[in-house]
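Dear colleague,

Please find below the sequence and the structure that I am handing over to you. My findings follow directly after them, and I would ask you to read them with the structure open.

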Amino acid sequence: MTRQPKKNTHLVITGAGIVAIIAIGSFFGFSKKAFSKSDFNKCAAFPLDSYLEGDALWSNADYVIEGTFQNILLKQGSSECTLCSILTEDKKIPLPVIFTSEATKSPLQREQKIKVKVRVEDDGRIIASECVIQ
Amino acid sequence: MLMRQLKIKLFFKAISYSLASGVTICRLYSADVPMANPASVIATPPGSVVVNSFESVEMEKLRMTKEIGKLEREEAEFKEGSIKLQKKLIDASASAATPANLPSDYSSFINAPSKNVNRSVYYYGQLQEALNQLTPASPYLARTTIDTVSPVRAGEILKQMGNFEEDEGISRTILNQWSAKEGSVRDDAARMAQLNNDISQLEKERDRLQWNYNQGGKINPLTERPFANDKDQSSLLEQTERVKDQISELVKEKGSFRNFVNTPLRKLEFQQFIVQLAAQERYIHALIACGFYRNVFPGGDMSLSEKAYPGGGSANNGAPGNAGGNSGATPATPTSAGATASQGLPVISTITGMESFLLNRIRDAKTDRESVENMLKSKQLSAAESLLRKMVTTAKYQPELQTFAYEERQVVQEYTKTIRQLTEALNSKDWPEIEKLSDKLEQESTDVGAQDLKAFAKENRQKSLLWTRMAEVVMRGGDMQGAESLLDAARKRSPTDAQVSEAVSNTQDKTLTDEKLKEQLDQVLKSADYVQAFERMGEFAPLVASAKDEKQKSAYEVLIDKEKSVKAALEKSSSLQQMSAPSDAWMELELLPDPLNKDKRVLERKSVLATDCGQFISSYGKGKKYEASGKPTLAITWYLQALTNAPSCTMLKDKIKSLSGEALRKN
């Protein structure tokens, strides 16, 4: 009978820990979501038509691409860059986007809807700086 | 989707298989080995050289080289065979083989017109009748002997024969010899001796008077006057002139004695005349003359004078005709003529012997005539012609020869002509003519076979044709020198044969055609006309293979490969289109390398396909443009767009992969 209070204490501590973790996680998740959302909102939508026609209107600006992750076109080990194909949400046009290791915190899966913040280089390369899974 | 990809894969496999077969076929054309049987590539006429298709090229070349090497030996064999046949033809008819050396008598006899023969028949009939009257042993008598001879009757017949051209005055000469019998009995030897004596005496008198006359004209030293006075001198001169006149008269009379003959001289002249007739082969005339001789000098010495017949004359007979011992009165000309005439005659010492010789000759001529007639009946023309030639040389003026019917002579003449034509044809190597004439000869004659001639002609004709065909084969093997040697040999062996000439001409034409073809091939290679190269592969491939030019060969193969690529792409495109994959179909053509993608057929097909896959073409075009301008990501974007229209296009995938690497490298 002496062992009963000991057992309850453990359960309490464990429950409190879980709650604390959830609370912390929820805090960070919320805060990140809130930050990102606010950051993506500042960016303009990717000028798909201009890009496709090769017009250099994208210099020095970040754009947001919303679409579906299709597949990895090429993965380069040394620079940890991955060229991926993203099918745009609106016009259903596949775009090659270069993802660095920093841009992709979590692994992407096919047919996953994502929102990517990108910058377009002079030579037309689309480089993702941030990516969120929607 | 998977099913569609599977179908495409299967289709590609089928295309690859068919292409592989095509390549194999092409290699067969272009490789050396199939050229082992070039005759099988070209259309082979019946009887042409058929080369074993399993025979190797080297073996065939070796065989052809051997054939060319055999040409020289072949020529020697041909000459040997030709000489043998020439000899045979000469034996068959010497007059045909060497007409230039033929005695003119034979030609005259063979070509004598028929009217002359008819006249000769009558003339010789009369001559035989005259002989029968004189010679009991005449071969022309119906009975073997006659009891009496009738020189008068014979003389009458001979008188009539003087009008005949064939007689040439011989009958008249015989008659003169015979009719001089009466006037020739006088012997003028005594008168000749008297004349000689008188002339001698008168010459002495003349010399005396001449001397006196010369002495009388000299000056006497005592009287200082001439020894004789003018009157005496004048008288001496007159006497001298008178004596000279007398001498002149006697000499004139002596000279006139040369026209007179004595018996020995007449005998000699008669004998010489007989010998001359015998030597001229006028046997009947000679025999008639012998008959008259017996009549003129009956019971006397019948021996032949040495002077009349030096070869067999009697040495004891002396020298007749040297009357009075004056060599000037001896007829020297008949003696030498007799010596000439007796050449070629056997040793005969008497008139009887001469008669026997002449009778034998006449009998021989009769036998020969009968033989020739029999030979003509049995078509033994070679023997008949030979015997006739002998008769012309041994019995030229015999009726047996001269009375040959015109038709019979023409048969011999035709035979001689055939042999001559055969000889000429053999010399000129006119084989068809030899075959034709051989047939004619076999019909004309039974004693001259022409099978060997025909076989020789046929063999050489076939050889020429064979060489022509071999030349064609050798030429296609690339050995132009060998082909030329064979053609030359064929041309030389049968220079007049139309078939051979045509074959040679055809082969030469083919050579020229090949030259033209070579030019065309060069042109095709130069212009890189892969369509022509493929379409005319049947013509060009053997040529390329035989040329042994590796550079040309590889260039030709490149062209063939190009055309095959175009054809394969078109076929593949067509199939993809049928499988509702117009983008893939278009892409298949687009992928052709330059300048194949500008091929007219490719462009046409692409324009047709463009109606079904315009968006794909647009995307691909833009991707290509950006790729070229060094914007790989833009290019990838468009290629990805194009890939949505042609998801199975591996080329696009490869391009994307390649460009992806490029895009990442820049990062």
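Chain A of this predicted model contains two helices and six strands. Read from the N terminus, its elements follow the order α-β-α-β-β-β-β-β. The chain has 134 residues, of which 23% are buried. Among its contacts between residues at least 6 apart in sequence, 42% link residues at least 24 apart.

**Where the chains meet**

How many residues of chain A are in contact with chain B? There are 18, and they meet 17 residues of chain B. On the side of chain A that touches chain B, strand 2 (62-76), strand 3 (81-88) and strand 4 (94-99) each provide at least two residues. The largest share, four residues, belongs to strand 4 of chain A. By class, this side of chain A consists of 11 nonpolar, five polar and two charged residues.

**A pair of helices in chain B**

Please turn next to helix 8 (residues 170-179) and helix 12 (residues 283-296) of chain B, whose axes come within 9 Å and cross at roughly 10°. An angle under 35 degrees counts as roughly parallel, and these two helices of chain B, helix 8 and helix 12, are therefore roughly parallel to each other. Helix 8 of chain B contributes B:I170, B:I174, B:Q177 and B:W178 to the contact, while helix 12 of chain B contributes B:H285, B:I288, B:A289, B:F292, B:N295 and B:V296. Seven of the residues in this contact are nonpolar, three are polar and none is charged.

In soluble globular proteins, nonpolar side chains tend to be buried together. The largest nonpolar core in this model has 68 residues, and those that touch the most other members are B:I274, B:A286, B:I288, B:A289 and B:L422. Helix 12 of chain B gives the most to this core, namely nine residues.

Leaving out residues up to four places away in sequence, B:I288 touches B:A130, B:L131, B:L134, B:A154 and B:I174. B:A289, for its part, lies in helix 12 of chain B. Is B:A289 buried or exposed? The cut-off for a buried residue is 20 or more other C-beta atoms within 10 Å; B:A289 has 30 such neighbours and therefore counts as buried. B:A289 and B:I174 are 115 residues apart in sequence, yet their C-alpha atoms are 6.0 Å apart in space.

A second, separate core has 53 residues, including A:C81, A:V118, B:C613 and B:L640.

**Two further helices of chain B**

Helix 10 (residues 230-256) of chain B has 27 residues and spans 40 Å from its first C-alpha to its last, close to the expected 39 Å. Within helix 10 of chain B, B:L236, B:V243, B:L250 and B:K254 are buried.

Helix 11 (263-279) of chain B has 17 residues and spans 24 Å between its first and last C-alpha, close to the 24 Å expected. Helix 11 of chain B is mostly covered, with 14 of its 17 residues buried.

**Backbone details**

Most residues other than glycine have a negative phi, and most peptide bonds are trans.

- B:E281 lies in the loop between helix 11 and helix 12 of chain B. B:E281 is buried, because 22 other C-beta atoms lie within 10 Å.
- A:K92 has a phi near 55°, again a positive value in a residue other than glycine. A:K92 lies in the loop between strand 3 and strand 4 of chain A. A:K92 is exposed, because it has 11 other C-beta atoms within 10 Å.
- Which peptide bond is cis, with omega near 10°? It is the bond from B:D594 to B:P595. B:P595 is found in the loop between helix 25 (582-590) and helix 26 (600-610) of chain B.

With kind regards

Conventions
Residues numbered from 1 in each chain as written. Chains lettered and ligands numbered in written order. Predicted model: local features only at pLDDT ≥ 70, side-chain atom pairs only at ≥ 80, totals over all residues. Expected span 1.5 Å × (residues − 1). Buried ≥ 20, exposed ≤ 12 C-beta atoms within 10 Å, placed from the backbone. Contact = placed C-beta atoms within 7 Å. Nonpolar A, V, L, I, M, F, W, Y, C, P; charged D, E, K, R; others polar. Axes fitted to C-alpha atoms, helices over the stretch in contact; angles between N-to-C directions. Parallel < 35°, antiparallel > 145°, perpendicular 65-115°, else oblique. Core = buried A, V, L, I, M, F, W, Y, C linked by C-beta atoms within 7 Å.
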